[in-house]
Amino acid sequence: MKKLVVIGYGGMGGWHCRAALQSDVVTLGGVYDVKEERNRAAREAGIFAYGSFEEVLNDPSVDLVTIAVPNDQHEKLVIRALEAGKHVICEKPVTLTVASLGRMIAASKKAGRCFTVHQNRRWDVDYLAMQKIVDSGEIGEIINVESRVQGSRGIPSDWRGMKEFGGGMLYDWGIHLLDQVLLLFKGAKIVKVYCTFDHITNKEVDDGFKLHLYFEGGKEAYIEIGTYNFLAMPRFYLRCTKGTALISDWTKKTRVVRMKAWHENDVLPVQTAAGLTKTMAPRDEITTDTYEIERPVSDVHDFYRNFTAAMDGKAEQTVTHKQMLRDLKIITTAFRSVKTDQAVILKKPL
Ligand code: NAD
């Protein structure tokens, strides 16, 4: 068992502590938060709270730290922990610029310690269901994917709404949905990026975004976060060469329509306001199969199991430095697209 200390005992720090308390691979050595009231809250919950970050770093019994503080502070804490010989998990977004991530990776290599970002949404069952369909090839090759998360409460009024802390929905949710989508496309290179921001409840940072990714060979992904949607679009829509899959929301199974035969002898038209249409009429069971796929089984603690195995040299990190760099380069390109109000064509595909 590895001894873990969580830095930042806020919403996500609490999540890591609860996971550690039930873990088969880490024990919770304690927490440290810059706010004394949060350290007090930890102690009241029966968790040891260190007096300073230095104290954590100077404790030779600590193997691993998880950094769960606002985004602008990730780099300095990660580098200090690596330099002190700790292995480090950092919350997402790992940091705010590619140059900053380069410094963090260099520090991890120099110290010979493992370092990764908490891409916990790789264990979300909706994403895993999509991945399963893509891997099975049962509805052919991807044409395009749409991945959306939409709420109706605006961006939170805490640091997430402020630029200086690395707020905004592209950094907050975008990095998760992007990471998932890139895995669905299995390394296909991106040649063009176009992004627009919402500023409905917040003028300083994006409180929603629409991100279009264009891949070599014509495949496309569309990622959307909204915080002002009183009706939500489906969570996932996957269009492939031999069918379509759809997940309406987190709690639902995947609906699939698989094409058995392209050609139809008879098409029953449907009535529209302007008359009959055959083109847009739904298919029947002669040419398609319709079915549901069970939600996959998933255990997000596999993230910690993998990382602790990597610390012992017994596994490769699931979330690699190469993936972290690519994710952040694409996020940075999306910001560039917003700034110029134009699609960014990548001379060197990403
Ligand atoms: P939060 O505001 O609830 O908690 C942050 C805590 O960090 C606060 O208690 C604050 O006092 C403390 N803090 C700030 N600076 C510190 C420092 N220098 N040293 C020690 N403590 C410090 O925020 P949160 O929602 O817990 O978010 C924290 C991080 O977790 C962010 O990077 C966020 O993006 C990420 N996060 C990830 C997920 C996920 O699903 N992976 C979900 C939510 C948040």
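**Notes on the sheet, its helices and the ligand site**

1. The strands involved are β11 (residues 243–247) and β12 (residues 254–259), an antiparallel pair with four bridges. Strands count as paired if DSSP finds at least two bridges between them. The strands themselves are DSSP runs (E, at least two residues), as are the helices (H or I, at least four), numbered from the N terminus.

2. Before going further, bear in mind that this is a predicted model: local features need pLDDT of at least 70, side-chain atom pairs count only at pLDDT 80 or more, and totals for chains, interfaces and linings use all residues. Residues are numbered from 1 along each chain as its sequence is written, and side-chain values use heavy atoms, with hydrogens and water left out.

3. Now the whole sheet. It is open, has nine strands with mixed pairing, and reads β15-β12-β11-β10-β6-β9-β8-β7-β16. β15 (288–293) and β16 (344–345) are the edge strands, each pairing on one side only.

4. Within that sheet, β7 (residues 190–198) pairs antiparallel with β8 (residues 208–215) over eight bridges, and Lys 192 sits opposite Tyr 214 in β8. On to β9 (residues 220–226): β8 runs antiparallel to β9, with six bridges joining them, and His 212 is partnered by Tyr 222 in β9.

5. Helix α6 (residues 125–136) lies across β6 (142–150), β10 (236–240), β11, β12 and β15, at about 5° to β10. Helix α7 (residues 169–184) touches β6, β7, β8, β9 and β10, and its direction makes about 155° with that of β9. Contact here means heavy atoms within 4.5 Å; angles run from 0 to 180 degrees between N-to-C directions, with axes fitted to C-alpha atoms, for helices over the stretch in contact.

6. Elsewhere, helices α4 (residues 74–83) and α5 (residues 98–111) pack at about 10°, axes 9 Å apart. That makes α4 roughly parallel to α5 (the term covers angles under 35 degrees). Val 78 and Leu 82 are among the α4 residues in this contact, and Met 104 and Ala 107 among those from α5.

7. Finally, the ligand: 26 residues surround it, the closest being Met 12, Asp 33, Asn 71, Lys 92 and Arg 160 (near means a heavy atom within 4 Å). A side-chain N or O atom of Arg 160 is 2.4 Å from a ligand oxygen.

How values were computed. Angles under 35 degrees count as roughly parallel, over 145 as roughly antiparallel, 65 to 115 as roughly perpendicular and the rest as oblique. A polar contact is a pair of N or O atoms within 3.5 Å; within protein, one must be able to donate a hydrogen and the other to accept it, and residues adjacent in sequence count only if both atoms are side-chain atoms.
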